[in-house]
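Q: I have the sequence and the model open. Please show me how to read the main features, one at a time.

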Amino acid sequence: MQSITLMGWHKRWHIPLFILCFSLLGGCTSVTLMSSYDEKTEQRVDQFSKSMNQLLVQLEDIDATAPQCAYAQHASTYQDLKVQLRIMHMHEQAKANNTPTHKQVASLQKRLQLLIDDHKRICQPAVAINIAQRQINSMLGNILKLEHNKRGAKPNNLFFAGAKP
Amino acid sequence: MKFDKKAMRANMRTATRTALGEQWSEVREYFEAENRKLIETLKMIALLHTSGKIDDLTAKSLLEGQVLVRESLLLAVEGMTLIMVETTLNAALDSIRKAVNTALKFPLL
């Protein structure tokens, strides 16, 4: 299994210190480390979530041996989903100070590709589709969680928004 | 296959705590909930594979999917940390601005 490599932000507390010093020298302007909340991101996530879940619920209900289950029957839906994610990725990449959200969408693209590759190989049983669906929904939830925090940044509540199971 | 969830949860807690350092106390509740979900999913993948309901490639793909979920979670935490640092820095800058302007009795900053 591959390991996850992030930028190691937790070990780089000197970075905010430098930013503070530069800001002070630069006339006490405010600091921006993260892009601001974008309603369009939320709309794109909602749209993708709806299309994705529609497909997965449909696939869950089809018997894995039935001809309607074949990849070819759903290829256009997968293409539409890929396009939606490409557009989302393009928009998130274009924003300044938005690396975490942009990378989250890139991860989601990889997850969708795994699903497509699996479906091309064989019709997946309902249990496997169910796990894939939960994984994709978790990833979408993580994108929304971060986006919501961009909107209402209250330091003490950041990590616990929606953390309760 | 025996799945020791308790030991797995403890190992994951230690690994996460070590990786996150000082941040751990702030994200503990969040990660503990996510770790429980992760263990449940891994257990399910293992059981489905062992019982022959999914093949090797599907099991591998679902595991890779789980890594991507984790990556997405860590990126959310990274972003939320940046927002927290930004909010704290701006509050500090604002207090400096107010203090300087008050001391000088005119809005220099």
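A: Start with burial: buried means under 20% relative accessible area, exposed means over 50%, and partly exposed lies in between (1.4 Å probe, protein chains only). By that rule, both A:Cys69 and A:Cys123 are buried. The model is predicted: local features need pLDDT of at least 70, side-chain atom pairs count only at pLDDT 80 or more, and totals for chains, interfaces and linings use all residues. Residues are numbered from 1 along each chain as its sequence is written, chains are lettered from A and ligands numbered from 1 in the order in which they are written, and side-chain values use heavy atoms, with hydrogens and water left out.

Q: What links A:Cys69 and A:Cys123?
A: A disulfide is a covalent bond between the sulfur atoms of two cysteines. The cut-off here is a pair of cysteine sulfur atoms within 2.5 Å. A:Cys69 and A:Cys123 form a disulfide, with their sulfur atoms 2.2 Å apart. A search of the whole structure finds one disulfide over all chains.

Q: Which parts of the chain does the pair link?
A: Distant ones. A:Cys69 sits in the loop between helix 2 and helix 3 of chain A. A:Cys123 sits in the loop between helix 4 and helix 5 of chain A. The two cysteines are 54 residues apart. Helices (H or I, at least four residues) and strands (E, at least two) are DSSP runs, numbered from the N terminus.

Q: Is the disulfide of A:Cys69 and A:Cys123 left-handed or right-handed?
A: Read the torsion about the S-S bond. For A:Cys69 and A:Cys123 that torsion is about -140 degrees, so the disulfide is left-handed.

Q: How many helices and strands does chain A have? And chain B?
A: Chain A has five helices and zero strands. Its elements run α-α-α-α-α from the N terminus on. Chain B has three helices and zero strands, in the pattern α-α-α along the sequence. Buried residues make up 44% of the 165 residues in chain A. In chain B they make up 44% of the 109 residues.

Q: What share of the contacts in chain A joins residues 24 or more positions apart?
A: Contact means heavy atoms within 4.5 Å. Take the contacts in chain A with a separation of 6 or more: residues 24 or more positions apart account for 74% of them. In chain B, among contacts between residues at least 6 apart in sequence, 55% join residues at least 24 apart.

Q: At what angle do helix 5 of chain A and helix 3 of chain B pack?
A: Two packed helices are described by the angle between their axes and the distance between the axes. Axes are lines fitted to C-alpha atoms, for helices over the stretch in contact, and angles run from 0 to 180 degrees between N-to-C directions. Helix 5 (residues 126-151) of chain A and helix 3 (residues 56-104) of chain B pack at about 10 degrees, with axes 9 Å apart. That makes the two helices roughly parallel. Angles under 35 degrees count as roughly parallel, over 145 as roughly antiparallel, 65 to 115 as roughly perpendicular and the rest as oblique.

Q: Which residues of the largest nonpolar core touch the most other members?
A: A nonpolar core is a set of buried Ala, Val, Leu, Ile, Met, Phe, Trp, Tyr and Cys residues joined through side-chain atoms within 4.5 Å. The largest has 34 residues. A:Phe48, A:Met52, A:Tyr78, A:Leu108, A:Leu112, A:Leu115 and A:Ile136 touch the most other members. Helix 5 of chain A gives the most to this core, with nine residues. A second, separate core of 12 residues includes B:Val27, B:Tyr30, B:Leu73 and B:Ile83.

Q: Is A:Phe48 buried or exposed?
A: A:Phe48 has 0% relative accessibility, so it counts as buried. A:Phe48 lies in helix 2 of chain A. Beyond four places in sequence, its contacts include A:Leu81, A:Leu108 and A:Ile136. A:Phe48 and A:Leu81 are 33 residues apart in sequence and 6.8 Å apart in space, C-alpha to C-alpha.

Q: What is the phi of A:Asn97?
A: Most residues other than glycine have a negative phi, and most peptide bonds are trans. A:Asn97 has a positive phi of about 55 degrees although it is not a glycine. A:Asn97 is in the loop between helix 3 and helix 4 of chain A. B:Lys105 also has a positive phi, of about 60 degrees. B:Lys105 lies in the segment after helix 3 of chain B, and is exposed at 76% relative accessible area.
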